[in-house]
Amino acid sequence: MADKQYKLTFCDGSGCLKNHAREFRQLFEEELRRHQIQQNVQIHLSGCLGMCTKGPILIVNPGYIMYGNLRPEDAAEIVQEHLVNGRPVSRLIIQEDHLYNRFFRIFGDSEFFGRQMRIALRNCGVIDPEKIDDYLAMRGYEALAKVLTEMTPQQVIEEVKKSGLRGRGGAGFPTGLKWEYTAKQSDPEKYVICNADEGDPGAFMDRSAIEGDPHTVLEGMIIGGYAIGSRQGIIYIRAEYPLAVQRLKKAIEDARREGFLGERILGTDFSFDIRICLGAGAFVCGEETALIHSIEGFRGMPRPRPPYPSVSGLFGKPTLINNVETWANIPVIIIDGADWFSRIGTATSKGTKVFALAGKVRNTGLVEVPMGTTLRDIIFGIGGGIPNGKKFKAVQTGGPSGGCLPEKYLDTQIDYESLAKAGSIMGSGGMIVIDEDSCMVRMARFFVEFTQDESCGKCTPCREGTKRMLEILTRITRGQGKPGDIEKLERLGTMIQKASLCGLGQSAPNPVLSTIRNFREEYEEHIHQKKCRARECTALLSFVVQDNCVGCGACKRVCPVNAVSGNRKEKHSINPNLCIKCGQCYDACKFNAIAKV
Amino acid sequence: MTQNQTEKLQAIREAMLAARNDAHPESHLIGILHKVQDVFGYLPREMMDEVAQTLEIPTAHIWGVATFYHYFNLEPIGRHVVSVCMGTACYVKGAASVLETLKKELGVEVGKTTSDGLFTLQEARCLGACGIAPVMMIDEKIYGQLDSKKTVDIINQYRKAAAEEKSAVGAETRRGKP
């Protein structure tokens, strides 16, 4: 690390001076000379930092590592370990310094980042994801070292339980309990799996987290392996994410080389390795039993539970499966402590949640907020509201398994229970904002088309039920809806929820049922008045030429069925009996003279 | 078959032999199919038979797996695969019209290859680039914030590159003649 540049800031305020800050600095400079690295270090003095009771204080950049309560003998250790070996001396880092702080210090002064709290994504955008040294400088693998040298597996599980962390894949099962169940199994062969088969349309949390900070996922998994007594980890990741796969491969190689993976990790008796398994484009493989079948080389079909994977999982062995974001939280819980972690969030949902904010919102992207933040804060605060002066209509959370919440739920606090109570789910973190231009019936149809296509076909309610729902919804959007369709959808939906085998099927009707519950009038308009208020269902529209038509003939030329008539330089008209509502005239008109009514 | 493809094929055969000795040979199946597709662009029937024989897994099982997962192609594909993202964010931002534009421009339906063998048009599940929706992916490159014009421009870039390559190769051949 001889070529790395460090910037050191010594507090030179009178509080620190009283605590022998200058003597400390002199010793420190001697150590730098002894190691002949003074040319790699810039030294700055600062005025009082205001933390006088913790002086002397030294801040090391990059990394913004703050050391306090320094004693003369610490100088040699910091120079040797941190500046020469690149490993910050954790016992001297002062308590207020939580891992997430680093992100805040760099990006915290903008509206978009300042309102967030980044724990899982703490290093994304801060470190070079392909450099293990960057991760180490952010106290990377320190949690692993702590676990291996100071904690028993049981203590690790207790700490995770105490943190209140729940599965970030969507269902919210308490992570610590899952670990405990798997640890209790006596089988000597166990597996640890990272579920990175992020299939919800509109979600990209896992991809970004892995692309931005692959090592934290590895570190979480190694700690999980130690806690449950496993030797082998597998990351199941979508083949559609080539960059994430490439970064993971590099991270695994680097971690092996540095002794964080492989035989006898960090010189202890614990051995653990991780391999990557590519998915092949099947949404249902995000379901844990389907995912296991896929790794085993079969069609990714779910099976009834119990037995849960913690008892009988991959190759029939006890298996611990957690989602990417869940794993990324583990190192933080170990370093900053379960007590600290459980202070963030609400009574039942601790910590933060990453959301992929997209759709009709100004600032799209990944946001990580403490549990308990309201939907309004995310959409209108961090997200900056709806662009183009349009009106907010709904927010869709939880992807094809979730629901659409209208304006009256905007002040709902985000946690597993509140979102469920409002009629949606937390899900893995997709959050799509919908404005007045989107038709809710089509939205529901879109999701059912997705789940119908992705249904594995094993159980009848999901395979046949979603197909029938799709047929009805298609009919409604084409203006062929019949009285009684809404009730039929409700009945079908409830039946599919109750009778399907896995989570995909059980949740498939949610987008339909939630839109019927919150936007029933739109369904009714489609069916009874043959009207689509968002003007999205073209079959329910007619195209009319307005008075500002200049008679240029552009619409006439593109019309495939010769429905447009009119002389040059005179107002044209469209024959509704011939019109097939393809919308080409609407796109071709340069004068906005054609209206959809 | 190019030198590179021959080498990759050799690597697949070695990987299969290694997999056969593993405690769970089937668990390597999907990984091997990925590698086969990487070489050929699709899963040729003869290769499935070869995988079946080496790993001692029935071809029927392999066929079942190959047809279950969207990622695997069972027919040859064009030189460039154009995948239009049909994820929620892209849908909300007009992916359907991007797809229509492409169908019209390329003159093919989804899942089909243009007659010149240059493009295969596909629909994709969320590509995870929702921040720049609507998007399409050509081979492994993502193009975002698309509208009809931008989409056509991008397709034309690929056409132009292919035409230039062709004429360069042609010139090369002419020069090479005595």
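Two strands count as paired if DSSP finds at least two bridges between them. Keep that rule in mind for the strand stop below. The model on your screen is predicted.

**Stop 1: colour chain A by domain.** Select residues 6–97 for domain 1, 111–340 for domain 2 and 352–435 for domain 3. Then take 440–529 for domain 4 and 542–596 for domain 5.

**Stop 2: strand E5 of chain A.** Select residues 191–196. Are these residues buried or exposed? Six of the six are buried, and the strand is mostly covered. Show the side chains next. Tyr191(A), Ile193(A) and Asn195(A) point one way. Val192(A), Cys194(A) and Ala196(A) point the other way. Both sets are buried.

Centre the view on Val192(A). Which residue of E6(A) stands opposite Val192(A)? Gly233(A) does. Turn to E8(A), where Leu320(A) is the bridge partner of Val192(A).

**Stop 3: domain 2 against domain 4 in chain A.** Select both domains. Their centres, taken over C-alpha atoms, are 35 Å apart. Nine residues of domain 2 are in contact with eight residues of domain 4. The domain 2 side of this contact holds seven nonpolar residues, one polar and one charged.

**Stop 4: a helix pair in chain A.** Select helix H19, residues 460–477, and helix H22, residues 510–529. Their axes come within 11 Å and cross at roughly 40 degrees. H19(A) supplies Met469(A), Ile476(A) and Thr477(A). H22(A) supplies Val512(A), Tyr523(A), His526(A) and Ile527(A). What classes of residue make up this contact? Five are nonpolar and two are polar, with no charged residues.

**Stop 5: chain B on chain A.** Bring chain B into view. How many residues of chain B are in contact with chain A? The count is 29, and they meet 38 residues of chain A. To find them, select three helices of chain B: H2 (29–40), H4 (59–68) and H5 (88–92). Each gives two or more residues to the side that touches chain A. Colour that side of chain B by class. It has 15 nonpolar, eleven polar and three charged residues.

Technical notes
Residues are numbered from 1 along each chain as its sequence is written. Chains are lettered from A and ligands numbered from 1 in the order in which they are written. This is a predicted model: local features need pLDDT of at least 70, side-chain atom pairs count only at pLDDT 80 or more; totals for chains, interfaces and linings use all residues. Domain bounds come from an automatic or database domain assignment. Two residues are in contact if their C-beta atoms, placed from the backbone, lie within 7 Å. Ala, Val, Leu, Ile, Met, Phe, Trp, Tyr, Cys and Pro count as nonpolar, Asp, Glu, Lys and Arg as charged, and the others, Gly among them, as polar. Helices (H or I, at least four residues) and strands (E, at least two) are DSSP runs, numbered from the N terminus. Axes are lines fitted to C-alpha atoms, for helices over the stretch in contact, and angles run from 0 to 180 degrees between N-to-C directions. A residue is buried if 20 or more other C-beta atoms lie within 10 Å of its own, exposed if 12 or fewer, and partly exposed in between; C-beta atoms are placed from the backbone.
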